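I opened a new notebook page for a structure I had not looked at before. Here is what I looked up, entry by entry.

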Amino acid sequence: MTQLHPITECCSTLYGHPLAAFLMGDSFHPGGLGLTLELARAAGVSQGQRVLDAGSGRGVSSVFLAETLGCRVTGLTIEAAGVAEGEAHATAQGVSERVAFVQGDIMDMPANLTSFDAVVMECVLSTLPDKHEALLRIRDVLKPGGTLAITDVTREGEVPEELEGVTAAALCLAGAISLAGYAHAIEGAGFTVEEARDLPDTVGGFIDKARNGLMLAEIAVGLGKLDVPVTTLEPAKRAVKAARGLASEGRLGYALLVARAPAAI
């Protein structure tokens, strides 16, 4: 198997961390499945289309899209358990014939992934250090004129020291850039941006969810039901508090972008 990019490998480890489910819940991205559906509809995803869920994690969004819109979804996940969990979820929801999962890295795309009508990326581009190269890889797996649909954390300026480490990665902060920065990167990879908008309420809800999750995690640790050191929780609390401060200052947000790949020449 191809070696993962270091930051990608870090994210894979993060999503397997026992604290991750408390911080992020099932969908592992801000906005939950409601925003997943809004993103797919903005991209014009419809029944029978082939969709790549790039960075699918444990497959919740992939299965949801196949179930809700009738599209055929391939989930690309870096997680060792992602394929098995995604397949089990697809079977339980009765859509296993329309959903497949592949373990791999966006930066080293498996050769059999090609000719998709749309690529969906939820809170993924922010985690990739070489965004230009990642977007080129995405463009290569789309059909000519295919659609790229992204939701991601936006950030203005530097982050405080408290927002370093596991919690910052869980909140997709480490490599987040501005909305204009994402649009510029997407255009620089040859796409035409058709929609780019802020989602002002989304990141606040996600931070609140993480804060509530930490409270539950602290209770679970006290009851011996969560095997993480108590010392792990205090830095996480400080990180969530700092993220809330950035959001209140308007320096932290969430955005939706839809772009079109070049048409065939």
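This is a predicted model: local features need pLDDT of at least 70, side-chain atom pairs count only at pLDDT 80 or more; totals for chains, interfaces and linings use all residues.

**Entry 1: the core.** I began with the largest nonpolar core, which has 81 residues. By nonpolar core I mean a set of buried Ala, Val, Leu, Ile, Met, Phe, Trp, Tyr and Cys residues joined through side-chain atoms within 4.5 Å. Buried stands for under 20% relative accessible area, exposed for over 50%, and partly exposed for what is in between, with a 1.4 Å probe and protein chains only. The residues with the most contacts inside this core are I106, M121 and I138. Helix α10 (residues 233-248) gives the most to the core, with 8 residues. My helices (H or I, at least four residues) and strands (E, at least two) are DSSP runs, numbered from the N terminus. I also jotted down a general point: in soluble globular proteins, nonpolar side chains tend to be buried together.

**Entry 2: ground rules.** Residues are numbered from 1 along each chain as its sequence is written, and side-chain values use heavy atoms, with hydrogens and water left out.

Entry 3: Which residues does I138 touch? Not counting residues up to four places away in sequence, I found A54, I106, M109, V119, M121, L148 and F191. Contact here means heavy atoms within 4.5 Å. I138 is one of the buried residues of helix α6 (residues 131-141), along with K131, A134, L135 and V141. Seen down the axis of α6, these buried residues fall within an arc of 120°, so they line one face of the helix. The arc is taken from the directions from the helix axis to the C-beta atoms. Then I checked what covers them: the list includes β1 (50-54), β4 (116-122), β5 (142-155) and α8 (179-188).

**Entry 4: a serine in a helix.** S62 has its place in helix α4 (residues 60-69). Is S62 buried or exposed? It counts as buried, because its relative accessibility is 0%. Leaving aside neighbours within four places in sequence, S62 is in contact with D53, S56, V73, G75, V99 and F101.

**Entry 5: two positive phi values.** Most residues other than glycine have a negative phi. With that in mind I looked at S115, whose phi is positive, near 60°. S115 sits in the loop between β3 (99-103) and β4, and is partly exposed at a relative accessible area of 35%. C123 also has a positive phi, near 55°. This residue lies in the loop between β4 and α6, and C123 counts as buried at 2% relative accessibility.

**Entry 6: salt bridges.** How many salt bridges are there? I got 11, taking a salt bridge as a side-chain nitrogen of Lys or Arg within 4 Å of a carboxyl oxygen of Asp or Glu. In one of them, D117 pairs with K143, with the closest N and O atoms 3.1 Å apart. D117 lies in strand β4 and K143 in strand β5, so the pair ties together parts that are 26 residues apart in sequence. K143 is partly exposed, with a relative accessible area of 34%.

Next came K237 and E234, whose side chains meet in a salt bridge at 3.3 Å, N to O. Both lie in helix α10, 3 residues apart, about one turn of the helix. K237 is partly exposed at 29%, and E234 is partly exposed at 38%. Elsewhere, salt bridges that share partners join E38, E195 and R197 into one network.

**Entry 7: the whole protein.** To finish, I stepped back. I noted 10 helices and 7 strands in the protein. Of its 265 residues, 52% count as buried. Among contacts with a separation of 6 or more, 77% are between residues 24 or more positions apart.
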